[in-house]
Amino acid sequence: MISAYPGAAVRAAEKPLLDAGLGPALMQRAAYGLYAACAREVLARRGSLYGAHVTVLAGSGNNGGDALYAGARLAGRGAGITAVLTSEAPHPEALAAFRSRGGRTIQLSRAVAECARLCAESDLVIDGILGTGGKGGLRGPAAELARAFTGRISGRTSGIDRRPLVIACDLPSGVDADTGQADGEHFTADLTVTFGAVKTGLMAGPGAVAAGRIECIDIGLGSLPGPALYRLESADLAQLLPVPRKTDQKYSRGVLGIAAGSATYPGAAVLATGAALATGVGMVRYLGPESVCRLINASHPEAVCATGTVSLVHVQAWLAGPGAGADEDQRRRALEAMASGLPAVIDADAISHVEPGLGPQVILTPHAGELTALLGRLGETATREQIEADPLRYARRAAELTGATVLLKGWATITAAPTGETYSQAEATPWLAAAGSGDTLSGILGSLLATDRSNRDTASPAPGHYAELAAAATSIHGRAGTLTAQSGPVEPSMLPAAIRTVIGELKKGVVIDSV
Ligand SMILES: NC(=O)C1=CN([C@@H]2O[C@H](COP(=O)(O)OP(=O)(O)OC[C@H]3O[C@@H](n4cnc5c(N)ncnc54)[C@H](OP(=O)(O)O)[C@@H]3O)[C@@H](O)[C@H]2O)[C@@H](O)CC1
Ligand SMILES: [K+]
């Protein structure tokens, strides 16, 4: 599990070490970690450090110091290095070390266009303009450089017309370390090498997109407070996924009730059912129109389909909403599912029936547009753009207002418990942004809720338990999409096959996390 902390918490943990005069030592550890990651990535790309073109972007603070020291080490391995100084007052000792290894410097304010060209023609750009001391987006010439560089490399691929590798020092410059907001110009990295602890802004909103892969370097920080944000990794997922016991039968493994689909949108019910079955539920009981029952049984003969009501069906969890449209019977079923006290995924059209006073076992799965509407009904104004810019804040706020667990979809999907525990998962591929994709996510989550033993074995699951399960479902969905995308565009109806493969590999311990 990755734990992330706000920038202020990391700075507070550094303070006693700085007061004890250990600042330079911490910087050397950070710079060495950055150098080692840069060397590894350049070697992987071009086979040799010797003769590689590297540009270091160095700001006025310690972030620039880290980047200059890392650049000095790369110069010592034969790379050709130029530092673009974005301030008149760079870190003096780091600059001296950089120059002593033969690094040359350019003052950005006098040559923005030249610096943008230099970056675009480099093998590697190290972004050391701003770290945790940055306030707001980039300003002045640094903002112009980010814009010009992005313009120059847009349209380039990772093939022959190669983009330079961009490695961010601690965090991509212009990204808020706590929220991931990036209001103004900012850099976008392939890899962020972060120091001491992962910053929450690297795992949320635009910051999660800008950070790329995340690597955390241990610099020997003191104790940190409780993390603000978690990310599940393969080993956590393997533990969370239930395996059938020898004594199990279909009912004890878990039955999921699905009230989804309508005469207008029947496909959503088929997709949700297929994903739930592939995730390993003991049984699916489907409730909906007869025409949808027939369609589901044509592809999933194991699903038990009926047109009845929620209260007459014995299940361990509910899934309501996908494809329900304006179907009045499905609306009633969604309300009954929310009131049942059982774990329930409330997705798509059912989100518009949500009222405050729910419990954490109810998981709402909005995208930013649906959350705008939900918050509006609860008396809170937030535009889609505001939610996309700061998803941590709004997912937590929605959980607080409804009492439910909230899964807010995005590049990094945020799941927030009403008690504050928050997760971020970012395994998805952009190919998953397709009609029907959300229906499969809700099917996976429904299955995890129905097979969840803690719900039956303990009186009340731990706070944040449902947010963790929602994060697990998000991760499985993202991994299944990424696996499918390896051979081309993703059709959501292809996902159940990949879900089975992902779960099988997780259980065998085959999947190794890249960060
Ligand atoms: N502390 C430690 O022990 C260790 C810290 N480490 C490293 O230090 C980093 C934090 O360093 P830091 O505090 O010096 O801040 P940093 O982000 O480099 O820049 C601040 C400077 O930028 C300026 N500035 C601010 N906003 C701006 C904007 N929007 N656009 C333009 N300029 C802006 C601001 O000037 P001001 O506006 O305040 O006058 C100020 O001069 C941390 O991320 C990590 O990399 C590691 O070495 C490990 C040990
Ligand atoms: K940076």
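The following legends describe close-up views of a predicted model.

View 1. Seven strands form an open sheet in the order S4-S3-S2-S5-S6-S7-S9, with parallel pairing. Strand S4 (104-107) and strand S9 (213-217) are the edge strands, each of which pairs on one side only. On average, neighbouring strands of this sheet are turned by 20° against each other, direction ignored. Strands of a sheet pair through backbone hydrogen bonds, and such pairing may be parallel or antiparallel.

**View 2. The pairing of S3 with S4.** Strand S3 (residues 80-85) runs parallel to S4, and four bridges join the two strands. Val84 stands opposite Ile106, a residue of S4.

**View 3. Helix H3 across the sheet strands.** H3 lies across strand S2 (53-58), S3, strand S5 (124-128) and strand S6 (165-169).

**View 4. The residues around ligand 1.** Around ligand 1 there are 27 residues, of which Gly61, Asn62, Asn63, Gly131 and Gly133 come nearest. Helix H1 (7-19), helix H2 (23-46) and helix H3 (62-76) are the elements that give two or more residues to this shell. What is the make-up of the shell around ligand 1 by class? The shell has 10 nonpolar, 12 polar and five charged residues.

**View 5. The packing of H10 with H16.** Helix H10 (residues 267-279) and H16 pack with their axes 7 Å apart, at an angle of about 40°. This angle makes H10 oblique to H16. The crossing of the two helices, H10 and H16, is right-handed. From H10, the contact is made by Ala268, Leu271, Ala272, Thr273, Gly274, Ala275, Ala276 and Thr279. From H16, Asp439, Thr440, Ser442, Gly443, Ile444, Gly446, Ser447 and Leu448 take part in the contact. Seven nonpolar residues, eight polar residues and one charged residue make up the contact of H10 with H16.

**View 6. The packing of H16 with H18.** Helix H16 (residues 437-450) and helix H18 (residues 465-485) pack at an angle of about 135°, and their axes are 9 Å apart. H16 and H18 are therefore oblique to each other. In passing H18, H16 makes a right-handed crossing. The H16 side of the contact consists of Thr440, Leu441, Ile444, Leu445, Leu448 and Leu449. The H18 side consists of Leu469, Ala470, Ala472, Ala473, Thr474, Ile476 and His477. How do the residues of the contact of H16 with H18 divide into nonpolar, polar and charged? There are 10 nonpolar and three polar residues in this contact, and no charged residues.

**View 7. The packing of H18 with H19.** H18 packs with helix H19 (residues 495-508) at an angle of about 110°, the axes being 8 Å apart. That angle makes H18 roughly perpendicular to H19. H18 passes H19 in a crossing that is right-handed. On the side of H18, the residues Ile476, Arg479, Ala480, Gly481, Leu483 and Thr484 meet those of H19. On the side of H19, the residues are Leu495, Ala498, Ile499, Thr501, Val502 and Ile503. The contact of H18 with H19 comprises eight nonpolar residues, three polar residues and one charged residue.

Definitions and conventions: Residues numbered from 1 in each chain as written. Chains lettered and ligands numbered in written order. Predicted model: local features only at pLDDT ≥ 70, side-chain atom pairs only at ≥ 80, totals over all residues. Axes fitted to C-alpha atoms, helices over the stretch in contact; angles between N-to-C directions. Parallel < 35°, antiparallel > 145°, perpendicular 65-115°, else oblique. Left-handed = near helix turned anticlockwise from the far one by under 90°. Contact = placed C-beta atoms within 7 Å. Nonpolar A, V, L, I, M, F, W, Y, C, P; charged D, E, K, R; others polar. Near = placed C-beta within 6 Å. Pairing = 2+ DSSP bridges.
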